[in-house]
Amino acid sequence: MTNDSRVNDYLAQLRRALAGITLAEREDIVEEIHMHIRERAGDSAVNVDEILAGLGPAEELAQQYRTGLLVQKAKHSISPLLILRAALRWARTGVEGFVVFWIAVVGYLVGGGFLLLALLKPIFPQRTGLWVGPDAFEFTIRTGVLPVSTPALHEVLGWWFMPVCAVIGSLALIATTKLLQFLMKRFRWRTPLAREVVATGTLTAGWGLLT
Amino acid sequence: MAKQIPVAIEADSSEKWEAQMRKGCLEMAVLASLWHGRLYGLEILRALERDSQLILSEGTIYPILNRLRAEGLLQSQWVEAEAGHPRKYYELTGAGRQRATRMAEMWTEFSAGLGTLIEPVLKAARKTARDNGRLRKELLL
């Protein structure tokens, strides 16, 4: 394989691995890496294999770009989908990211669950509600063969159930989003910026969070 | 009784700590390298290596520059170069200058405070080194 074809192959891999980033941004990144290779290749003491090794595998390089940009967008976004995607990518990089991802999952499930209950109330008015009894305090929809209501267990909110669930669900979604945005900003410097940093004479590899 | 830490583990922990410390300074170092004007990626790498002993792998610097640009701290521009191919130059934005200034101030305050704290540690280390040197001389005589 010639030098040119190795470089073209690397750039094609990088372009593929950057899928999901806008076309203009992707081409800009590929062009910059291409020019870096040309610049370094101008130094006769360095061969193409060394240059490509210095850049690291194309997939890994693309992953650094994608993570940085996604977390950056998520910090200013209120889209749960975008925030979840950023949290999922962060989760792959270390323990803190994993914890953040589970906060996102639990928070959005709780919020989404309450909103769903609010929507189900008009469809199943007798079975959806806040059920209170000697051993129960449940925001739920009661299904199956159980009697919907018993003298000991009864629904207390009536149609107020809808706005109450809508408010609790919305608050849970907003609180989760704000908390995640705060965590992403707070740990901005901990996002995986560096594939490796080489201290003087010491190679230290490691993606891990920047902590 | 003090717990004995195996030397290999201690050395490994020190290396990790040093790497984490360097990673933490990376953003400040990149912003500071652009303080005097625009540079392209390879120049930034060389400036970091020359001035701060931060030697990054070549694949590391570009995603960092891209993220800092997305944060509005840097702006970039393709410029036709004499080298025969264009180069993408980066320069600090107003927000980037503010961030670099703030980081430099925080770093100075932090390191000054820490310097006072670790001074006794360094004094003790220097004294031990002197004592060891003196003992070695005596043994040689």
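**Two chains of a predicted model**

Of the 141 residues of chain B, 27% are classed as buried, meaning that 20 or more other C-beta atoms lie within 10 Å of a residue's own, with 12 or fewer counting as exposed, anything in between as partly exposed, and C-beta atoms placed from the backbone. The model is predicted, so local features need pLDDT of at least 70 and side-chain atom pairs count only at pLDDT 80 or more, while totals for chains, interfaces and linings use all residues. Residues are numbered from 1 along each chain as its sequence is written, and chains are lettered from A and ligands numbered from 1 in the order in which they are written.

Chain B holds four helices and four strands, where helices (H or I, at least four residues) and strands (E, at least two) are DSSP runs numbered from the N terminus. Their order from the N terminus is α-β-α-β-α-β-β-α. Contacts in chain B with a separation of 6 or more come to 44% from residues 24 or more positions apart; a contact requires C-beta atoms, placed from the backbone, within 7 Å.

Helix H4 of chain B spans residues 94-140 and has a kink of about 45 degrees at Ile118(B), shortly before the proline Pro120(B). The bend at a residue is the angle between axes fitted to the seven residues ending there and the seven starting there. H4(B) is hardly covered, with three buried residues among its 47: Gly96(B), Arg99(B) and Ala100(B). In helix H2 of chain B (residues 41-52) lies Arg46(B), which is partly exposed because 13 other C-beta atoms are within 10 Å. Its C-alpha atom is separated by 9.8 Å from that of Ser33(B), 13 residues apart along the chain.

Chain A has 211 residues, of which 29% count as buried. Its seven helices and five strands run α-α-α-α-α-α-β-β-β-α-β-β from the N terminus. Among its contacts between residues at least 6 apart in sequence, 55% join residues at least 24 apart.

Helix H4 (residues 58-75) of chain A packs against helix H5 (residues 80-91) of chain A at about 140 degrees, the axes being 9 Å apart. Axes are lines fitted to C-alpha atoms, for helices over the stretch in contact, and angles run from 0 to 180 degrees between N-to-C directions. H4(A) and H5(A) are therefore oblique to each other, since angles under 35 degrees count as roughly parallel, over 145 as roughly antiparallel, 65 to 115 as roughly perpendicular and the rest as oblique.

The contact of H5(A) with H6(A) divides into twelve nonpolar, one polar and no charged residues.

Gly169(A) sits in helix H7 (residues 161-186) of chain A and counts as buried because it has 21 C-beta neighbours inside 10 Å. Leaving aside residues up to four places away in sequence, Gly169(A) touches Gly111(A), Gly112(A), Phe114(A), Leu115(A) and Ala118(A).

Notes:
Two residues are in contact if their C-beta atoms, placed from the backbone, lie within 7 Å. Ala, Val, Leu, Ile, Met, Phe, Trp, Tyr, Cys and Pro count as nonpolar, Asp, Glu, Lys and Arg as charged, and the others, Gly among them, as polar.
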